[in-house]
Amino acid sequence: MVASNSAPSAIRAFSDAAASEFVAPPVKQYGLAARYTGALYSAAVKAKSLDKVDKEIAQIAVMCKTSPTFKSFLSDPSVPKKKKSESIIALMTEMKFTDTTKHLFGVMASNGRLPETEKVAKLFSEIMMASKGEVPAAVTSAEPLTAKELADVTAACQASIGSGKTLKLEQKVDPSIIGGLMIDVGDKHIDLSINTKIRKMEALLQDTV
């Protein structure tokens with residue numbers, strides 16, 4: 001990756017933007033990565049580049065999954081922070097990313113937080129879904145659901161989040177649950193799997209011995 005002398009100015013720019021009036025994201029998040037996603041959302045809103053930044057962060061998430069070289073660079077502790085900052089900004093400049101995204105990653109590199117990139121991408125995706133009124137959901141079954149079963153689950157999940165919101169349901173198959181369902185809607189988790197029922201029964205039997 002080619003180094004760039006724009007890293008210090010990029011870091012200052014992002015810091016100045018973060019220091020101005022903060023625009024809170026539509027969903028509360030916690031932890032180190034959330035500090036960066038909150039600052040990114042606020043800066044993107046003020047720069048009127050939220051949709052573009054959303055696509056760029058999604059692109060970075062794909063790179064983390066498909067490029068071992070890129071992922072290794074993010075987590076390599078032997079690369080000096082200054083060089084990492086210059087390199088990541090140079091790469092994103094070549095990719096024609098917005099200044100907002102470049103500045104964020106310049107700050108993360110300077111703070112030694114590039115290993116948090118995948119967490120940042122995941123949390124930012126959650127923020128963007130919330131901003132669009134979308135609620136993530138997942139249904140896990142031991143075998144693929146029939147069309148009717150899926151329709152019933154979808155209807156129940158939609159009812160649980162109320163009107164005015166869009167359900168984004170993902171189907172998952174996990175034979176280890178044996179039967180039944182596991183359903184996640186937003187931050188709610190419902191475990192109706194046979195495997196869990198068996199484990200609870202085993203625990204009760206052990207308590208009676």
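**Note on pockets, sheet and helix packing**

1. The largest pocket has a volume of about 640 Å³. A pocket here is an open set of points on a 1 Å grid over the protein atoms alone, with protein on both sides within 12 Å along at least five of seven lines, and lining residues have an atom within 4 Å of a point; the volume is the space filled by probe spheres set on the points, which are joined across faces, edges and corners. Of the 19 residues lining the largest pocket, Val27, Val135, Pro136, Gly186 and Asp187 are the closest to its centre.

2. The model is a predicted one, in which local features need pLDDT of at least 70 and side-chain atom pairs count only at pLDDT 80 or more, while totals for chains, interfaces and linings use all residues. Residues are numbered from 1 along each chain as its sequence is written, and side-chain values use heavy atoms, with hydrogens and water left out.

3. Helix H7 (117-131), strand S1 (134-141) and helix H8 (147-161) each contribute at least two residues to the lining of the largest pocket, and H7 gives the largest share, 5 residues. Helices (H or I, at least four residues) and strands (E, at least two) are DSSP runs, numbered from the N terminus. By class, the lining of the largest pocket holds 7 nonpolar, 5 polar and 7 charged residues, where Ala, Val, Leu, Ile, Met, Phe, Trp, Tyr, Cys and Pro count as nonpolar, Asp, Glu, Lys and Arg as charged, and the others, Gly among them, as polar.

4. H3 and H7 are the elements that give two or more residues to the lining of the second largest pocket, with the largest share, 6 residues, coming from H3. This lining divides into 6 nonpolar, 1 polar and 4 charged residues.

5. The open sheet is formed by 4 strands in the order S2-S1-S3-S4, with mixed pairing; two strands pair if DSSP finds at least two bridges between them. Strand S2 (166-173) and strand S4 (188-191) are at the edges with a single partner strand each, so one side of each has no neighbour in the sheet. From one strand to the next, the twist averages 15 degrees.

6. Strand S3 (residues 181-185) pairs with S4 in the antiparallel sense over 4 bridges, and Asp184 stands opposite His189 in S4. H8 lies across S1, S2, S3 and S4 and runs at about 140 degrees to S2.

7. Helix H2 (residues 32-46) packs on H3 at an angle of about 140 degrees, the axes being 8 Å apart. Axes are lines fitted to C-alpha atoms, for helices over the stretch in contact, and angles run from 0 to 180 degrees between N-to-C directions. H2 and H3 are therefore oblique to each other, given that angles under 35 degrees count as roughly parallel, over 145 as roughly antiparallel, 65 to 115 as roughly perpendicular and the rest as oblique. Leu40, Tyr41, Ala44 and Val45 in H2 meet Leu50, Val53 and Ile57 in H3, contact meaning heavy atoms within 4.5 Å; the residues of this contact are 7 nonpolar, no polar and no charged.

8. The axes of helix H3 (residues 50-66) and helix H6 (residues 99-110) come within 9 Å and cross at roughly 45 degrees, which makes H3 oblique to H6. From H3, Val53, Glu56, Ile57 and Ile60 meet Thr100, Thr101 and Phe105 in H6, and this contact has 4 nonpolar, 2 polar and 1 charged residues.

Notes
On a 1 Å grid over the protein atoms alone, a cavity is a set of points where a 1.4 Å probe fits but cannot get out, and a pocket is an open set with protein on both sides within 12 Å along at least five of seven lines; lining residues have an atom within 4 Å of a point.
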